[in-house]
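Here's a quick briefing on a predicted model. Have a look at the structure first, then we'll go through salt bridges, a pocket, a helix and a loop residue.

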Amino acid sequence: MVEITIRKRPRTEAVVTQHKFLKKTARGKVIKVLRERYLRDDVACGIQGCPVCDMPAEDVLPVAGDKEHPMFPNGHFILPDTNVFLSQMDLIESSLFTPPIILLQTVIEEVRHRSLPLYNRLKALTKMDDKRVWVFYNEYRSETAIVREEDETPNDRNDRGIRSATSWYSAHITLAHPPVRGRVSEKVPTIVLLTEDAANREKAERSGISAISVRNYVNKMKNATQLLDLLSATGTNELEPTRASSGGRAALYSDYLSTSTLLAGIKSGILHQGHFNANQYNYLEGSVSVAAFDKSVLLVGRENMNRAVDGDVVVVEIFDEKEWRASTNEVVDQDATLKNDDAEASGDDGEELDTNSLVDEESKLVRNGAKTVGTERQPTGRIVGIIKRNWRAYVCHIDSTSLSTATSTSLALQTVFATPVSRLLPRIRLRTRQAPILLGQKILVTIDRWDAHSRYPEGHFVRALGKAETKEAEQESLLLEFDVPYRPFGKAILDCLPKEGDQWVVPLKQDVSKEWRDREDLRELIICSIDPPNCQDIDDALHARQLPNGNIEAGVHIADVSHFVLPDNPMDSEAASRGTTVYLVDKRIDMLPSLLGTNLCSLRPFVERLAFSAIWEMTPTAEIVNVRFTKSVIASKAAFTYAEAQTRKDDPNLNDPLTQSIRLLNTLALKLKEKRMAAGALNLASPEVKIHLDSSESSEPIDVEQKELHETNSLVEEFMLLANISVARKIQDTFPQTAVLRRHLPPPKANFEKLQDILQKRKGMTLDVSSSGTLAASLDKCVDPAEPAFNTLVRIMATRCMLSAEYFCSGSVGRETFGHYGLASPIYTHFTSPIRRYADVLAHRQLAASIGYTPLHATLHSKSHVERILDVVNRRHRMAQMAGRASVEFYVGLALKGRGEREKKDGQGHVRESAFVIRTFRNGLGVFVSKLGIEGLVMFKRDTQFDPDNYTITVPGAGGDVHIAVFDKIVVDIEVEKDKNTQRGKINMTLVEPVDSRAL
Amino acid sequence: MASTSISKAEKSYIQAGFLSSPPLRADGRALHDFRSVALETGVAPLANGSARLSIGANAHDGGGGTEVLAATKLEVENVEEDGCDGGRIVCTVTCSPAAYPQLSSNALDDLQYDMTVILHQTLSHPSLHPNNLGILPKKKSWLLNLDIVVLADAGNIYDAIFMAARAALWDTKVPKTRSVEYKVRKGNSGGVVGGKTGSSGDMDVDEETTSGFDTRQIQQATDFELTDYWDEGEVLDGRERWPISITLNLPPPTHFLDATLPEESAVPLKALLVYSFPPSESPNVQAMRILGSGELTVVLLKDLVKEGEKYARELFIALNSKLKEEDIRRNQKARERFARR
């Protein structure tokens, strides 16, 4: 008989076998958590061929360790302490940092406890191919497990655990290299405890463990110069007793309150939490929008902004109402004001004379603002703490004036300023040995910390992107700046593609083929697609035909992406995390592998493709009789550009079915548009320009022109809107809790106040914003007969006052907020571009489930899951738009430069364009050049007479004073100049008419 | 109490035993002897304090005695809702039906209720209240739930309950908390450079006057945090004070301790005396109950209180030394054993 023994663990060993801790829940309860711990003797050491451990095949640590470090000629392994990962993750991640790493469980858990993002990076690190990292579960190996002593802090306990694991490894490794008789005994590699904590190092050395600080370790490495730059600033200070820390230097900022104090303050309503937004015109001003106030909270001056960086989640304290003030209406440029500040000086020696004068100047600027009267005051406050830093890597240029030696051979460690490309960010101070080499390059810099006594945040160099203004560097920096994932698709993702690759075709129509299951055969229909020129990812096609009963059948056919992208596989998750395809002027970053996007899913002409069709029966007046959705197989008969379709439609000689179909569609579209406009849809405008590229090779754009709109643009748009609305209704009916929809909330009235005021005062026009319909009507009336572009300008400005549209999950918000303000539709979704938008893929899946084609995947039944995905998609969508815009801006800049040079040759000297004034400042004008679609600033060197109530400034001209007001048409010279110090390209505008501003 | 029905003959036999000289008891004990008491603390790992106690359990198989399990659990309470400032203690006694198979469920409820009342009234008395059950004055406090389960009753259940209660309370650890508050810093709202220094003159008016007449003390603290999530916390304040009870069974004119079930049913009257022994003060009688149908004169009672104190002190000392031993066993020794392994 089998003998069964119950190995019950006696309670007397509870202190060893049980791990207890207390936890405070979100609702304020305190609970006790108990975990069982089982100790074992077979947790492997990870060293190759270790005779003691019964090793699995995947062991990663080389027998001899790493012999390249001169301090450890016998070879070594490093065993980093938690603080190494907390402060020096960039170093460890660098591909130049190669020693084999022993990663303790204690360390992993401590990192997780301290910082989740770092924990995720650490997890990724253990899976990296070029790293040799062994995770040792020291808390489960009986020799290295420890129990907390009485009165021992958690930190001390962990340190002790790390030390005990280190000494166990040292002892263990001698067993792995047993002395063999008659042979020279092998050299035993050293286990090196890498820690930034001096106390821990001391204790380690006392117990015979070799311990070293990161800086000392890296100093002796082969490629020390590159690696030292990656060291975070934290390493040089605080934990290192040998260096005097900040000492007596006066604190420039007040200290942050502790997180729990902040939360208590927020709970009691004294403090407010929100996102910090830096002001792009004035670096000494920022704002935080909080729930408690309608207007955002103004922060004036460095001290009140208290080291917040754009995007941080901060906590503000509101001043008494009598101290509230208005925004300054002044342009304060960081580079201009701070040009004399010395990186070394303010870093090491504290306040010097010139920094003092700088403080004076800044405070003068702040006071200037305080004098501003008249314009409305808003809540004013200061930042008392930070909930979450939103620091990432920033694309920067090195400021050449901050270099002490510019000799390119100098490898001296210098402190320099890096100026971020984004104007919303402060300069970053960093120490590097490569400064002369990095000059004129775009580099990536991470902020490490911002101390109370330091004017600037401190950061470290991550990597160089290449020479500024080269196509590659600019492109990559754009993608990084807007957080666009641009890595090529991995193998796991490509494995999800059909095995046939580009040989894949729709199989023959048979009962057995699964592609044809429940699919309608629409191959005979006269279907065509209309897209912009050079479009490769054709995701929609259309058809229309007369029905015998006098009605018209119209169909929209969308690429059936959900047939290829199945839920929850690697390709799907990658697409979900990319969220959208990003279009730059010269590059497209796909959401889906290009085999799908530009081939299998692209509804090219003359081939059979799978589609998802929405087919309406409409009366000739475009009333919908009914609509049905079906999966289908289509064969497009033609792919037109907008212009081609237009000429075909307008050519009276053509009368083939295809042309008739386009005409039919067009008449319907016109009626649809009419109805939409009657319902109150807005006709909005955004400055869109088109860049002509010489060829795909050269980065020199030829010229810029505004996009031309054809009637056929509107044709396609109307049918896409119709399809989206119909689909939205269908999926909302079927899945009221989780339908993926898109909405555009009506803008708060307060957003329009300023624009209304300007229009009233300057042009005597009124804007009725009570609903989208009245707004559309009053926008139509904002016409200046002398200036046709004026209406577009007002539309652009009105668009800026609105909120942005967003995806949402229908179960998460109230039914009454579903509406799309701009389109004046009660419900809306995105269905028509599944190749380039992930939300459309979700809508496809839900639609397929609602017509009973497939069951709905479980994840799409979960509200929280859908919400999470849509949050990502919304963010990516926003970022993609900004990246696209920034890319256009860059090319406009290049084009201007080219044009400027050409005109210089012709003797003119400058690019001269007419522009509208869109904003007035005390010392400048915000202008918009409609022909180029760019905004710019005209700065005056001294203050002008500024009337903020009437939006007018008065400048002295040749024949007496000249008034310039918002909406005035002026002429400016545009010049692209590079900042001499940072190489950051900048568009400079000078006023030519009515007065020449160079004198001002 | 939990009367096992015994015959008159048995009853009188047992009674005669008490009165004979020397007194005779069925198990050979002297009148003032206890059966062996076994105690273990920390038996419920998820409780804040716990103990298991048995009286007269069979040394071989651990069966046959009175057995009681006690555990304390701390809960955070809002003072405004149902808590009280400075915390409160709620005691509950539950009897396992297996302990009293002869009782109907209603009778069992009554019994539990009686026990609960005696325990709760005694332990929640203000003179015993620990000082560290408050978290935030007037905002949050700990509710200490002391739950006792009677697993088996072989006589002398009250003494067992009180001893177990004392052991569990002794073992109780209160998580260390730190109050979190946000104070508006007066006069220095961050110092807008220049903007404010000029107008500092009229700021003085706003300054808060500190006057002795102002008795309002507005508490800013709204929340608390745990200082050390690994540590179970500090011991309950005043744990030396927790009382123990001694049940005097009174077959007149004598009395005896630690009655077994048959003995209990043979004696008409018993006095339950609860003493607390604060470290440097004279002992207090925390509670007194006369249970049963007999009568007792005040003079006799006075003597009994004095006698009882003597027995209680012995029991108290024994219990204390065992509790300290348990503390050492569970922490220091366990760690040492772990280190030696």
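B:Glu325 has a relative accessible area of 48%, so it counts as partly exposed; buried means under 20% relative accessible area, exposed over 50%, and partly exposed in between (1.4 Å probe, protein chains only). Its salt-bridge partner is B:Lys322, with the closest N and O atoms 3.6 Å apart. For that term, think of a side-chain nitrogen of Lys or Arg within 4 Å of a carboxyl oxygen of Asp or Glu.

A word on conventions: residues are numbered from 1 along each chain as its sequence is written, while chains are lettered from A and ligands numbered from 1 in the order in which they are written. As this is a predicted model, local features need pLDDT of at least 70 and side-chain atom pairs count only at pLDDT 80 or more, whereas totals for chains, interfaces and linings use all residues; side-chain values use heavy atoms, with hydrogens and water left out.

**Salt bridges**

- B:Lys322 is partly exposed, at 26% relative accessibility.
- Both B:Lys322 and B:Glu325 sit in helix α5 of chain B, three residues apart, or about one turn of the helix. Helices (H or I, at least four residues) and strands (E, at least two) are DSSP runs, numbered from the N terminus.
- An α-helix has 3.6 residues a turn, so residues three or four places apart point the same way.
- B:Arg330 pairs with B:Asp171 at 2.9 Å, N to O. B:Asp171 is in helix α3 (residues 157-171) and B:Arg330 in helix α5 (residues 298-340), both of chain B, so this bridge ties together parts that are 159 residues apart in sequence.
- B:Asp171 is buried, at 4% relative accessibility.
- Over in chain A, A:Arg141 and A:Glu143 form a salt bridge with their closest N and O atoms 3.0 Å apart. A:Arg141 is buried at 7% relative accessibility, while A:Glu143 is partly exposed at 42%.
- A salt-bridge network links B:Arg25, B:Asp27, B:Arg29, B:Arg35, B:Asp258 and B:Glu263.
- Over all chains, the search of the whole structure turns up 57 salt bridges.

**The second largest pocket**

- This pocket holds about 610 Å³ of space.
- Its lining has 27 residues, and those nearest the centre are A:Lys514, A:Ser562, A:His563, A:Phe564 and A:Leu566.
- In chain A, α18 (561-564) and α27 (838-850) each supply at least two lining residues. The largest share, three residues, comes from α18(A).
- By class, the lining splits into 14 nonpolar, five polar and eight charged residues.

**Helix α22 of chain A**

- At 1.5 Å a residue, the 22 residues of α22(A) (residues 657-678) should span 32 Å, and the end C-alpha atoms are 32 Å apart, which agrees. The expected span is 1.5 Å times one less than the number of residues.
- Buried residues in α22(A) include A:Leu658, A:Ile662, A:Leu665, A:Ala669 and A:Arg676.
- After α22(A) comes A:Gly680, with a positive phi near 105 degrees.

**A:Lys587**

- You'll find A:Lys587 in the loop between β22 (582-583) and β23 (588-589) of chain A.
- A:Lys587 is partly exposed, at 35% relative accessibility.
- Leaving out residues up to four places away in sequence, A:Lys587 touches A:Gln475 and A:Val582 (contact means heavy atoms within 4.5 Å).
- A:Gly884 is 297 residues from A:Lys587 in sequence, yet the two are 9.8 Å apart in space, C-alpha to C-alpha.

Methods:
1 Å grid on protein atoms, 1.4 Å probe; cavity = no way out; pocket = protein on both sides within 12 Å on 5 of 7 lines; lining within 4 Å. Points joined across faces, edges and corners; volume = space filled by probe spheres on them. Nonpolar A, V, L, I, M, F, W, Y, C, P; charged D, E, K, R; others polar.
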